[in-house]
Amino acid sequence: MFRGFWGLKIVPGKTYSQTVDASFRLSNAALGATVVDELRTSVVLTVDDKSFVLCSLTPGAIEQQTLDIGLTEGEEITFETQGNNEVHLTGNFIADDMDSDYDSDEEESDEMDLSDLSPEELKELIDEGLIDPETLLEDMEDEDYDSDDAEADMRIREITEEDEEEMIEDLESEEEPVPVPVPEVKIKKQAKKAELKRKAEEEEAAKTKKPKAKKEEPKKVKEEVKEEPKKTKEEAKKEAKKAKSIELQGGVVAEVKKEGAGAGVKKGARVGMYYIGKLTTGKVFDQNTKGKPFWFRLGAGEVIKGWDIGIVGMKKGGERRLTIPAAMAYGKRGAPPDIPPNATLVFDIRLVEYK
């Protein structure tokens, strides 16, 4: 994805040095409108004290050359020519840093991948009439991913308040104790004692004492059994809401949704990712959730810094939610029109494969 035109006119005998402040791609080199002589002119690029000839142009033979060279933010570069003719370089600024091996299925379909939505998001779409609830299960069964790892195809669903209430109701129904009745033998003994007392006491006193013995015992039993379900509710809520969050360098927060299997990925490895990128408002600005994963080299600056930091240590099939502050994403400029300036980004990511 490109944004904005980039161009540079190189005059013979002069050098053009700069620190790249916004990533761009060279796409073409051409001789200027006025040709001084018929000799060859070469375009030389110096990056980190190493010089490379990008192309050589000869009037009447090769007057322009198509290029495909990406230069990323922070690199120290110098352009110059060897020869007597003026050369024009043109290209485009790159909208984001995800320019290596980028191949998303976003252009193939505008349909939303329902399997990646949380229960709250699905409910909101159903309430707005955007999803037919009768066909929702059928649609989600048809979804599949191009992955050899069966565990990687499982999605973790966040527990909603309704789920918590259902869990608590199940626990209460299983653990609700039945009130213990007063043993029949004990009642008979009490009745005999009451009959003996009736002879010595008045009828009213004997009648009053008998119901008291019946009422007090069941009350004590009920009071004892009420406390246990309350403790079970609190424990169930704590277990349901438990999540492992890690604060990383630069304020990046990684919430581990699923551990995955095998060894953790390290810097320098090539990783294949599925992801959904959202603003803190919940608006999705980019996603790749099926088909060919998005591949890049971890820690090489090919993606935003928050990804290079937040993916290290993930295992195959693992899932995380990365909350990335603006300084570790697109900074003050943002990436218009989808990402505003100083935007905090939220990515739900899955490590499909790594090499």
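Hi everyone. What we have here is a predicted model, where local features need pLDDT of at least 70 and side-chain atom pairs count only at pLDDT 80 or more, while totals for chains, interfaces and linings use all residues. Residues are numbered from 1 along each chain as its sequence is written, and side-chain values use heavy atoms, with hydrogens and water left out.

Let's start with the overall picture. The protein chain has 6 helices and 15 strands; these are DSSP runs numbered from the N terminus, helices being H or I with at least four residues and strands E with at least two. Of its 355 residues, 35% are buried, meaning under 20% relative accessible area, with exposed over 50% and partly exposed in between (1.4 Å probe, protein chains only).

Now the cores. A nonpolar core is a set of buried Ala, Val, Leu, Ile, Met, Phe, Trp, Tyr and Cys residues joined through side-chain atoms within 4.5 Å. The largest one has 30 residues, and Trp307 and Phe347 have the most contacts inside it. Strands S11, S13, S14 and S15 and helix H6 each give two or more residues to this core. Apart from it lies another core of 19 residues, including Trp6 and Leu31.

Leu31 also turns up beside a polar residue, Asn85: the two touch, with contact meaning heavy atoms within 4.5 Å. Asn85 sits in the loop between strands S7 and S8. Is Asn85 buried or exposed? Asn85 is buried, because its relative accessibility is 1%. Its side chain reaches the backbone oxygen of Asp37 at 3.2 Å.

On to charges. The whole structure holds 8 salt bridges, each a side-chain nitrogen of Lys or Arg within 4 Å of a carboxyl oxygen of Asp or Glu. Lys278 meets Asp348 at 3.4 Å, N to O. That pair links strand S11 to strand S15, 70 residues apart, and both Lys278 and Asp348 are buried. Arg321 bridges to Asp348 too, with the closest N and O atoms 2.7 Å apart. Arg321 is in strand S14 and Asp348 in strand S15, so this pair ties together parts 27 residues apart in sequence. Salt bridges with shared partners join Glu121, Lys278, Arg321 and Asp348 into one network.

For another setting, take Glu259 and Lys244, whose closest N and O atoms are 3.6 Å apart. Glu259 is partly exposed at 43%, and Lys244 is partly exposed at 48%.

Thanks, everyone!

Terms used. A polar contact is a pair of N or O atoms within 3.5 Å; within protein, one must be able to donate a hydrogen and the other to accept it, and residues adjacent in sequence count only if both atoms are side-chain atoms. Lists of a residue's contacts leave out its neighbours within four places in sequence.
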